[in-house]
Amino acid sequence: MKGLETFASIEHLDSESKYLVHKAKEATNHAYAPYSKFFVGAALILADDTVVTGSNQENASYSLCMCAERATLFAASSTNPDKKINKIAVVAHRKNHKELLPTAPCGACRQVLLEYEVRQGKDIAIVVLGAESEWLIFPSAASLLPLAFSPANLR
């Protein structure tokens with residue numbers, strides 16, 4: 001994939017990405033995941049270096065759950081409405097497991113990330129742990145969502 005960066009271990013990530021992964025991992029401590037036992041944290045950095053974190057929040061009525069990525073994006077937009085998002089890191093682990101699991105934003109989160117990219121007129125880099133235990137940095141939400149539905153479709 002064009003622009004995709006791959007790193008063998010977290011030590012090889014740039015300092016900003018490492019810091020965001022660390023903050024995302026901390027955010028998993030605030031996840032509410034009594035049903036799935038899948039704890040997800042996200043951390044993003046704004047253009048002015050403000051860091052915003054969030055975690056997944058489950059509900060007995062599954063359709064009312066909120067993913068960590070969207071919780072983080074909505075918090076950032078609500079508290080810093082005029083600041084652009086540069087990068088987001090997403091991590092996950094199972095309950096009682098310190099080891100991180102490979103994960104990537106779900107389809108709904110990819111769509112919301114794309115909307116933020118369109119709104120701000122700037123790509124958002126996405127840092128995740130891949131299936132082969134490598135760290136991946138995608139250049140944009142658009143790179144994760146080909147043929148995406150965007151505001152242009154409504155014109």
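## Largest pocket

Helix α2 (68–79) is the top contributor to the lining of the largest pocket, giving three residues. Helices here are DSSP runs of H or I with at least four residues, strands are E runs of at least two, and both are numbered from the N terminus. This is a predicted model, in which local features need pLDDT of at least 70, side-chain atom pairs count only at pLDDT 80 or more, and totals for chains, interfaces and linings use all residues. Residues are numbered from 1 along each chain as its sequence is written, and side-chain values use heavy atoms, with hydrogens and water left out.

The largest pocket holds about 210 Å³ of space. Its lining has 17 residues, and Phe38, Val40, Asn56, Cys67 and Glu69 are the closest to the centre. Two elements give two or more residues each to this lining: β2 (38–46) and α2. By type, the lining splits into 10 nonpolar, four polar and three charged residues. Ala, Val, Leu, Ile, Met, Phe, Trp, Tyr, Cys and Pro count as nonpolar, Asp, Glu, Lys and Arg as charged, and the others, Gly among them, as polar.

A pocket is an open set of points on a 1 Å grid over the protein atoms alone, with protein on both sides within 12 Å along at least five of seven lines; a lining residue has an atom within 4 Å of a point. Points are joined across faces, edges and corners, and the volume is the space filled by probe spheres set on them.

## Salt bridges

The whole structure has four salt bridges. The criterion is a side-chain nitrogen of Lys or Arg within 4 Å of a carboxyl oxygen of Asp or Glu. Side chains of opposite charge can pair when their charged atoms come close.

Lys87 pairs with Glu16 at 3.1 Å, N to O. Lys87 sits in strand β4 (residues 85–94) and Glu16 in helix α1, so this bridge ties together parts 71 residues apart in sequence. Lys87 is buried, at 9% relative accessible area. Glu16 is partly exposed, at 28%. The cut-offs are under 20% for buried and over 50% for exposed, with partly exposed in between (1.4 Å probe, protein chains only). Asp14 joins Glu16 and Lys87 in a network of salt bridges.

Lys23 and Glu26 form a salt bridge, also listed at 3.1 Å, N to O. These two residues lie three apart in helix α1, so about one helical turn separates them. Glu26 is partly exposed, at 34% relative accessibility.

Asp48 and Lys83 meet at 2.7 Å, N to O. This pair links distant parts of the chain, 35 residues apart: Asp48 is in the loop between β2 and β3, and Lys83 is in the loop between α2 and β4. Asp48 is partly exposed, with a relative accessible area of 38%. Lys83 is partly exposed too, at 36%.

## Surface patch

Tyr32, Tyr35 and Tyr62 make a nonpolar surface patch of about 360 Å². Patch residues have over 30% relative accessible area and no salt bridge; nonpolar side chains (Val, Leu, Ile, Met, Phe, Trp, Tyr) are joined within 5 Å, like charges within 9 Å. Areas come from the Shrake-Rupley method with a 1.4 Å probe, and for residues only the protein chains shown count as cover.

Tyr62 lies in the loop between β3 (51–55) and α2. Tyr62 is exposed, at 56% relative accessibility.

## Backbone angles

Most residues other than glycine have a negative phi, and most peptide bonds are trans. Asp49 is not a glycine, yet has a positive phi of about 75 degrees. Asp49 belongs to the loop between β2 and β3. Asp49 is exposed, at 53% relative accessibility.

Ser133, not a glycine either, has a positive phi of about 65 degrees. Ser133 is in the loop between β5 (125–129) and β6 (135–138).

## Distant in sequence

Lys25 belongs to helix α1 (residues 15–27). Lys25 is partly exposed, at 37% relative accessibility. Lys25 and Ala92 are 67 residues apart in sequence, but 7.5 Å apart in space, C-alpha to C-alpha.

Cys109 is in helix α3 (residues 107–120). Cys109 is buried, at 0% relative accessibility. Ala141 lies 32 residues from Cys109 along the chain, and their C-alpha atoms are separated by 9.2 Å.

Notes:
On a 1 Å grid over the protein atoms alone, a cavity is a set of points where a 1.4 Å probe fits but cannot get out, and a pocket is an open set with protein on both sides within 12 Å along at least five of seven lines; lining residues have an atom within 4 Å of a point.
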